[in-house]
Amino acid sequence: MSGAIAFSALKAEIVARRNDIISDLQALLPKDALVHEARELVPFETDGFIAYTRVPLAVCLPENTEQVAKLLRYCHENGIPVVPRGAGTSLSGGAIGQEDAIILGLSRMNRILDIDLPNRAAVVQAGVTNIAISEAVKPESFSTRLTRVPSLPAP
Ligand SMILES: Cc1cc2nc3c(=O)[nH]c(=O)nc-3n(C[C@H](O)[C@H](O)[C@H](O)COP(=O)(O)OP(=O)(O)OC[C@H]3O[C@@H](n4cnc5c(N)ncnc54)[C@H](O)[C@@H]3O)c2cc1C
């Protein structure tokens with residue numbers, strides 16, 4: 001395949017089972033955790049690399065680890081590709097899921113669980129954004145910005 005990024009070969013048997021898969025997911029997850037209508041899928045058709053768009057089979061928006069585990073177990077048992085997605089700001093198309101794939105959207109798992117400033121470490125859920133962690137440490141006058149390393153002298 002030509003182009004900047006190559007997609008995997010579509011699993012036709014998964015695409016053909018789309019309606020059954022959506023029914024299964026509706027039984028597995030809370031109603032508002034599943035996005036599958038065409039117009040609702042539009043925001044998930046691409047990420048920061050907007051040169052490519054693909055319509056995913058469905059998007060799941062779990063709120064906790066148990067829901068993630070249920071979804072992953074189901075997808076594993078049924079051979080369904082899963083594409084994790086944070087805020088979708090990747091500039092490389094890594095969060096684009098094609099028609100046989102389920103997007104695991106982590107935006108609702110946005111809790112900062114622990115901040116350990118002396119050790120410059122934080123424990124966060126998988127959907128926490130850079131700006132959220134920056135805001136959380138601001139009152140401590142701590143910056144998460146990268147520090148520029150001084151240039152080395154020319155050899
Ligand atoms: C305007 C703009 C400015 C930017 N500025 C910066 C910057 O200053 N510094 C910088 O470092 N980057 C910057 N980026 C790049 C972007 O923030 C990074 O690519 C970031 O890592 C994407 O995070 P995301 O949560 O949006 O991931 P996504 O775009 O959703 O996904 C990126 C990749 O990570 C995978 N992924 C996402 N979440 C998970 C997860 N929880 N577990 C496993 N895999 C996962 C996806 O499948 C995909 O392959 C910028 C991007 C944009 C568009």
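The C-alpha centres of domain 1 and domain 2 lie 28 Å apart. Domain 1 covers residues 12-105 and domain 2 covers residues 110-146, with bounds that come from an automatic or database domain assignment. Residues are numbered from 1 along each chain as its sequence is written. The model is predicted: local features need pLDDT of at least 70 and side-chain atom pairs count only at pLDDT 80 or more, while totals for chains, interfaces and linings use all residues.

The chain contains five helices and six strands, taken as DSSP runs numbered from the N terminus (helices: H or I, at least four residues; strands: E, at least two). Their order along the sequence is α-α-β-α-β-α-β-β-β-β-α. The chain is more spread out than a compact globule, because its radius of gyration is 19 Å, well over the 15 Å that the globule rule gives for 155 residues. This radius is taken over C-alpha atoms, and the rule is 2.2 Å times the number of residues to the power 0.38. The C-alpha trace spans about 60 × 40 × 30 Å along its principal axes.

Buried residues make up 18% of the 155 in the chain; a residue is buried if 20 or more other C-beta atoms, placed from the backbone, lie within 10 Å of its own. Of the contacts between residues at least 6 apart in sequence, 54% join residues at least 24 apart, a contact being two C-beta atoms, placed from the backbone, within 7 Å.

Around the ligand there are 15 residues, of which Gly-86, Ala-87, Ser-90, Gly-94 and Ala-126 come nearest.

Terms used. Buried ≥ 20, exposed ≤ 12 C-beta atoms within 10 Å, placed from the backbone. Near = placed C-beta within 6 Å.
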